[in-house]
Amino acid sequence: MRTVVRDGVAAVVLRRLADATVARDSVRAVIRGTAVNNDGGAKMGFATPAVDGQAEVARDALAVAGVDPATVGYVEGHGSGTPLGDAIELVALAEAYGPAPAGTRLLGSVKSNIGYLDGTAGLVGLVKTVLALQHELIPANLHCTEPPGQLAGFSVATT
């Protein structure tokens with residue numbers, strides 16, 4: 001697999017739900033919780049991911065949102081297309097979300113469809129997820145014909 005680097009831009013307008021409701025804004029999605037961490041001391045290098053740190057931040061985001069991981073049906077992953085990074089992300093997600101019946105929790109990554117958009121990558125993943133919710137359709141992960149072995153607890157929408 002090869003990571004294709006692209007240029008991209010995306011924008012979203014964030015507003016408190018109460019303010020948006022009063023203003024009668026069109027609300028496409030609600031972000032219920034976020035989390036950040038820095039596990040720099042627990043990994044090999046600055047840009048190297050670590051299972052423990054990724055699993056911890058996913059669990060923190062679920063806790064802040066008040067969401068039971070068993071109720072999550074879709075996760076938009078980072079999916080950079082690198083064997084090391086993707087394997088670490090898959091193990092971390094499986095640790096954070098736990099087991100799920102086959103086919104009930106899907107994992108996607110916009111990068112398989114349009115490439116890696118550097119600093120815009122996360123925002124484009126958010127836009128993809130909002131559109132998937134809006135249209136009740138999860139796009140397939142292009143070029144993915146079978147899920148990786150480390151994908152315990154997740155299924156992949158394949159082509």
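Predicted model: local features only at pLDDT ≥ 70, side-chain atom pairs only at ≥ 80, totals over all residues.
Author: Residues are numbered from 1 along each chain as its sequence is written, and side-chain values use heavy atoms, with hydrogens and water left out.

Reader: What makes up the secondary structure of the chain?

Author: The chain has 5 helices and 3 strands, in the sequence pattern α-α-β-α-β-α-α-β. Helices (H or I, at least four residues) and strands (E, at least two) are DSSP runs, numbered from the N terminus.

Reader: Why is G77 called buried?

Author: Buried means under 20% relative accessible area, exposed over 50%, and partly exposed in between (1.4 Å probe, protein chains only). G77 has 12% relative accessibility, so the residue counts as buried. G77 is in the loop between β1 and α3, and its C-alpha atom is separated by 7.9 Å from that of G125, 48 residues apart along the chain. Of the 159 residues of the chain, 33% count as buried.

Reader: Why is E95 called partly exposed?

Author: The relative accessible area of E95 is 43%, so this residue is partly exposed. E95 lies in helix α3 (residues 83–97).

Reader: What makes the negative surface patch that includes E95?

Author: The patch is formed by D52, E56, D60 and E95. Patch residues have over 30% relative accessible area and no salt bridge; like charges are joined within 9 Å, and nonpolar side chains (Val, Leu, Ile, Met, Phe, Trp, Tyr) within 5 Å. A salt bridge is a side-chain nitrogen of Lys or Arg within 4 Å of a carboxyl oxygen of Asp or Glu. Asp and Glu count as negative, with the charge placed at CG of Asp or CD of Glu. Helix α2 (residues 51–65) gives the largest share of the patch, 3 residues.

Reader: Which residues form the nonpolar patch?

Author: V12, L14 and I31 form it, with about 280 Å² of accessible area together (Shrake-Rupley method, 1.4 Å probe). V12 is in the segment before α1 (17–22). At 35% relative accessibility, V12 counts as partly exposed.

Reader: How do you know that β1 and β2 pair?

Author: Two strands pair if DSSP finds at least two bridges between them. Here 3 bridges join β1 to the parallel strand β2 (residues 106–108), and Y74 stands opposite L106 in β2.

Reader: Which strands stand at the edges of the sheet?

Author: The open sheet of 3 strands has the order β1-β2-β3, with parallel pairing. β1 (74–76) and β3 (155–156) each have a single partner strand, so one side of each is left without a neighbour in the sheet, and both stand at the edges.
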